[in-house]
Amino acid sequence: MIKVDISNVWGDVSLPDLLAMEKEVFNAHMTLTEGTGAGNDFLGWLNLPVAEPTDEMIRIQAAADRIRETSDVFVVIGIGGSYLGPRAAIELMQGPNHNIGKGKGNPQIYFAGNGLSTRHWNELCRLLEGKDFSIAIISKSGTTTEPAIATRALRWMLERKYGTDGAKKRIYAITDPCKGALRQMATEEGWETFVIPPNVGGRYSVLTAVGLLPMAVAGMDIKAIMAGAYEAKEIYNIRSFENPVWLYTAVRNLLYRRGKAIELLESFEPGFKMMGGWWQQLFGESEGKDGKGIFPVTAEFTADLHSLGQMIQQGERNIFETMVRFAPPAEKYTIAGDYKDLDGLNYLEGKTLDYVDEQAYLGTLAAHVDGGVPVITMDVGELTDAKLGELFYFFELSCGVSAYILDVNPFNQPGVEFYKRNMFQLLGKPGYEKKV
């Protein structure tokens, strides 16, 4: 079980404050699990975790094995939850530089269709030169602008390289089971397909084929990931403050009511950066509506302490932090001595890097708390595939409960459409003409 430490928030929150929240958290948790709240037609993610592999998971693993055998590169096309979840998982488990040295048998994995940068596209094209590759198209509709543009281009590249029939064997569609342009395209072209359940929204879809296929191609154990999520589903159903989900959601909402409108999620692991991006969309899109919501921000420590540290320490007191910690890896690095000691580091000789990291964490924690910033600490423990599944489910459940405490619908995103409407008008998309 993930441990949540709230001992460094007591200057802003009192025990009576927390105890007074018990009924609110209970009701929010009940609203979520009983399906009586707004957006209750998008609760399918609650029951995605399974103890044993499903037929869909078996097909996903078989497809991943084929991709690994035949491809130097696997390109995942999607935007928002369709790419943040799998990318977060792969980078957390294998590091930001996971593609270096990979090829057929253990393909490089790149992500496309998540932006409109020509430079980024040109870079991907260079990376694909001379490589065997396959693609997964992830979209419920198949008409979202960014992934649709990437799909057209990459499909053409595959057909030019392998012919129409050969390309079909290298294209996988992850989409709605019945409707949408991508479903129609996949049916007509004969691509293998996997399902995004209609009752699962994009930002809650990481434990569907959306996340599982890329993770399996990366060589991760999707059975263990789902088993970890299944265990989380069971252990985080406790209806008391013994449940770390309850502690996290109650304290963050109490801090929000006391003017702490920004949550800074950080880890001392560079590989956590994309997990922070996934968390940012999950909470930002779920809570940010009706003039409410805690603004989610992420940081990588210690690197960002050299850029954000001053603001955190002495800036406006409208933030709180959630520090995510992991147990150190089994393989240690010990700092060596230097006979000249020109850098003055011989006092660290014989100490391990994770020991120095721990002292940096403790020093940062003490400084920020002394500076008036409440800090929630989240101890994840050993980083395994099963723990990854637990972490995803922990944040999803926390988000659903927290949004209902805020009294907003956790599963819609009406504000996202405004920028799209303006963009479509400027591009001249049929049906979006400006009214005179």
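Guide: This is a predicted model, and I would begin with the pairing of strand β5 (residues 171-175) with β6, which is parallel and runs over four bridges.

Visitor: What makes β5 and β6 a pair of strands?

Guide: Two strands pair if DSSP finds at least two bridges between them; β5 and β6 have four bridges, and therefore they count as paired. Within this pairing, Thr-175 has Val-195 in β6 as its bridge partner.

Visitor: In what order do the five strands form the open sheet, and which are the edge strands?

Guide: The order is β3-β2-β4-β5-β6, with parallel pairing; β3 (108-112) and β6 (192-195) are the edge strands, since each pairs on one side only. From one strand to the next, the twist averages 20°.

Visitor: Which helices lie across these strands?

Guide: Helix α6 (residues 145-168) lies across β2 (73-77), β3, β4 (133-138) and β5, and runs at about 140° to β4. Helix α7 (residues 181-189) lies across β4, β5 and β6, running at about 145° to β5.

Visitor: How do you know that α14 is largely enclosed by the rest of the structure?

Guide: A residue is called buried when its relative accessible area is under 20%; 21 of the 22 residues of α14 are buried, so the helix is largely enclosed.

Visitor: How does the reach of α14 (residues 385-406) set against the expected value?

Guide: From its first C-alpha to its last, α14 reaches 32 Å, close to the 32 Å expected at 1.5 Å a residue. Just after α14, Asp-407 takes a positive phi of about 65°.

Conventions
Residues are numbered from 1 along each chain as its sequence is written. This is a predicted model: local features need pLDDT of at least 70, side-chain atom pairs count only at pLDDT 80 or more; totals for chains, interfaces and linings use all residues. Side-chain values use heavy atoms; hydrogens and water are left out. Helices (H or I, at least four residues) and strands (E, at least two) are DSSP runs, numbered from the N terminus. Axes are lines fitted to C-alpha atoms, for helices over the stretch in contact, and angles run from 0 to 180 degrees between N-to-C directions. Contact means heavy atoms within 4.5 Å. The expected span of a helix is 1.5 Å times one less than its number of residues. Buried means under 20% relative accessible area, exposed over 50%, partly exposed in between (1.4 Å probe, protein chains only).
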